[in-house]
Amino acid sequence: MPATHLARRAIVRVSPQIAGEDATAFLQGLLTNDVTGTGPTYAALLSAQGKTMFDLIVWHDGADVLLDCEADVASDLAKRLSLYRLRRKLDIAVDPTIAVHWQLTGETGQADPRLPALGHRWLASATPGSPPEPPADDNWLAHRLSCGVPEGRAELGDILWLETNAVELNGVSFTKGCYIGQENTARMNWRQKVNRRLIVVPIAQSDEKRQVVAYPELGKAVDHLRIEAIAPEWIPAWMDLTPPAG
């Protein structure tokens, strides 16, 4: 059976401490997407300027909300969210008892909310201290890059959220109301001023000055390029860079 555990992912759990407290409403006012549905939902926590701080996938577990994020930044995400908690009665912490799983094909899990071609993912119980499961992270990375989808702090950095292809990858709502970084994000969309994009390119053709991260073992790099500098053969099928009419 192929490995499914994404060891480089972790879960941050947001839990009400008292009846009447609402973890979903708390996150609805912070994240880029509408998280009031059943999920999973792709979203981000931005800076006030609309730049990416954390990208994540939102799941619901009863009254709790589970944030599927990079393991290396999970503690930072929990701390950042805690700054916005103020007097709300919420617990916000990394939950080591939940693991993230992924597979490209099969019936298990739900389709990745960004792109069906990314496969299926699901959450399952994990026992701290038990023998580690075989990781699927390298397979996930290779497949994700083959689909042209950037992810995580190393690739997204502090780039403006719409320049990370957030619209095409279902990571933003323009109707849900206010959230951190909403003003600049909405203005860019309204004015159609997304002039640069994150693009997965062959490493031999990567622009060193515009390179965000390189994966020599996979022969790929992620570049942050002006749209006019993107070669047609680098554009994935899900991305439309046709200039708007008029």
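Where is Asp-72 found?

1. Asp-72 lies in the loop between E4 and H2; helices (H or I, at least four residues) and strands (E, at least two) are DSSP runs, numbered from the N terminus. Asp-72 is exposed, with a relative accessible area of 74%. In these terms, buried means under 20% relative accessible area, exposed over 50%, and partly exposed in between (1.4 Å probe, protein chains only). From Asp-72 to Ile-11 the C-alpha distance is 11 Å, while the two residues are 61 apart in sequence.

2. Some conventions apply throughout. The model is predicted, so local features need pLDDT of at least 70 and side-chain atom pairs count only at pLDDT 80 or more, whereas totals for chains, interfaces and linings use all residues. Residues are numbered from 1 along each chain as its sequence is written, and side-chain values use heavy atoms, with hydrogens and water left out.

3. An open sheet is formed by five strands, in the order E2-E3-E4-E1-E5, with antiparallel pairing; two strands pair if DSSP finds at least two bridges between them. At the edges are strand E2 (41–46) and strand E5 (90–94), each of which pairs on one side only. On average, neighbouring strands of this sheet are turned by 30° against each other, direction ignored. Such angles run from 0 to 180 degrees between N-to-C directions, and the axes are lines fitted to C-alpha atoms, for helices over the stretch in contact.

4. Within the sheet, strand E1 (residues 9–16) and strand E4 (residues 64–70) are antiparallel partners over six bridges.

5. E2 pairs with E3 in the antiparallel sense over six bridges, and the bridge partner of Thr-41 in E3 is Val-58. Five residues lie between the strands in the hairpin of E2 and E3, where Gly-50 takes a positive phi near 90°.

6. Which residue has its ring paired with that of Tyr-42? The partner is Trp-161: the ring centres are 5.6 Å apart and the planes are at 45°, so the pair is tilted. The rule is that rings of Phe, Tyr and Trp (its six-membered ring) pair if their centres lie within 6.5 Å; planes under 30 degrees apart count as stacked, over 60 as edge-to-face and the rest as tilted. By this rule there are two aromatic pairs. Tyr-42 in strand E2 and Trp-161 in the loop between helix H4 (152–156) and helix H5 (182–191) are 119 residues apart, and the pair links distant parts of the chain. Tyr-42 is buried at 2% relative accessibility, and Trp-161 is buried at 1%.

7. The ring of Tyr-42 also has the charged end of Arg-114 over it, 5.1 Å from its centre. A charge sits over a ring if NZ of Lys or CZ of Arg is within 6 Å of the ring centre and within 35 degrees of the ring normal. Arg-121 likewise lies over the face of Trp-140, at 5.5 Å from the ring centre.

8. Trp-140 is one of the buried residues of helix H3 (residues 137–146), together with Asp-137, Leu-141, His-143, Arg-144 and Leu-145. These buried residues pack against E6, strand E8 (120–125), H4, strand E9 (196–202), strand E10 (211–215) and strand E11 (220–226). Just after H3, Gly-148 takes a positive phi of about 75°.

9. Not counting residues up to four places away in sequence, His-101 touches residues including His-120, Arg-121 and Trp-122.

Terms used. Contact = heavy atoms within 4.5 Å.
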